[in-house]
Amino acid sequence: MKVSCENNIVTVDGVNDFTLSQILECGQCFHFDKLDEEVYEVVAFGRAVKMEQTDKVLRIYGSSMEDYEGIWKLYLDMDNDYGLIKQSVIKADGALKTAVDEKSGIHILNQDFFETLMSFIVSQNKSIPQIKQCVKNISHRFGDEVIGYNGEAFYVFPDVQRLHDATEEELRECKVGFRAPYIKNATEAVYSGAVTKEKLDELDIAQARELLMTIKGVGEKVANCVLLFGLGRREAFPVDVWMKRIMEQMYFDGKDTKKQDIEAFAVNKFGDLGGYAQQYLFDYARTTLFK
């Protein structure tokens, strides 16, 4: 890839195995808006940029080269060879070839831990548009204002201190509903130091999942999403209703199977590739197989 920057526009020429819409709309992040085909506003890590893809060229408007190197390259997981990852996933199980081919442009984002934790707590029993609106509401109510790529004001997701100061009633006004006390409990856990990224990084995945699940409202699915998208644990395999359906259809003869058994099967079958396999299967099931 060739990367250049001019007039606060970073151009990445030669992106392969990369489709912006698949990456942003596969259910792993929620702080973005679609402007046009393969054109999005993205708010992350205190920045508000526009990303636009044309064929194998990605442009990031409102970014310096320093921001690309320090933020966006890691966020978009540009240093991983997804061609090789896809080959490895298909080698682990050829039955995944259709899903991988259909969703061949997915990358797993490296997101902020705290925002990811809060977002997936909010995600329970909500559609993606509803989750996005809640994240936007929380950001507008409690987050700092930043000037975005177009000179307009955007609001970033609040830090732990600011959300810790929010009342449960204020959170409910952000349309999070019954999740308000869960957000308060999670924020207190991070604020107090009981559950932090640093602690979680030191643990094996089972121990990290167990620690995350000490937070009120965090079950196995949410914990695995946080591990995969907010902590870089690519072996994590979240199982929700979509994954349950597709895994039962593919591997359990269509029989009703416990989520724990599905996860254990996936861990044994895919190992360190579990998170990648999950994303290809999840988005394929959601947008194609069970549409």
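## The sheet

An open sheet of 6 strands runs in the order 1-2-6-5-4-3, with antiparallel pairing. Strands here are DSSP runs of E with at least two residues, and helices are runs of H or I with at least four, numbered from the N terminus. Two strands pair if DSSP finds at least two bridges between them. Strand 1 and strand 3 (32-36) stand at the edges with a single partner strand each, so one side of each has no neighbour in the sheet. On average, neighbouring strands of this sheet are turned by 20° against each other, direction ignored.

This is a predicted model, in which local features need pLDDT of at least 70, side-chain atom pairs count only at pLDDT 80 or more, and totals for chains, interfaces and linings use all residues. Residues are numbered from 1 along each chain as its sequence is written, and side-chain values use heavy atoms, with hydrogens and water left out.

## Strand pairs

Strand 1 (residues 2-6) pairs with strand 2 (residues 9-13) in the antiparallel sense over 5 bridges. Val3 has Val12 as its bridge partner in strand 2. Ser4 is bridged to Thr11 of strand 2. The hairpin of these two strands has 2 residues between the strands, and Asn7 takes a positive phi near 55° there.

Strand 2 also pairs with strand 6 (residues 57-61), in the antiparallel sense and over 5 bridges. Here Val12 stands opposite Leu58 in strand 6.

## Two helices in contact

Which angle do the axes of helix 11 and helix 12 make where they cross? The axes of helix 11 (residues 205-212) and helix 12 (residues 220-230) cross at roughly 125° and come within 9 Å. Axes are lines fitted to C-alpha atoms, for helices over the stretch in contact, and angles run from 0 to 180 degrees between N-to-C directions. Helix 11 and helix 12 are therefore oblique to each other. Angles under 35 degrees count as roughly parallel, over 145 as roughly antiparallel, 65 to 115 as roughly perpendicular and the rest as oblique.

Contact means heavy atoms within 4.5 Å. Helix 11 brings Ile205, Ala208, Arg209 and Leu212 to the contact, and helix 12 brings Ala223, Asn224, Val226 and Leu227. These residues divide into 6 nonpolar, 1 polar and 1 charged. Ala, Val, Leu, Ile, Met, Phe, Trp, Tyr, Cys and Pro count as nonpolar, Asp, Glu, Lys and Arg as charged, and the others, Gly among them, as polar.
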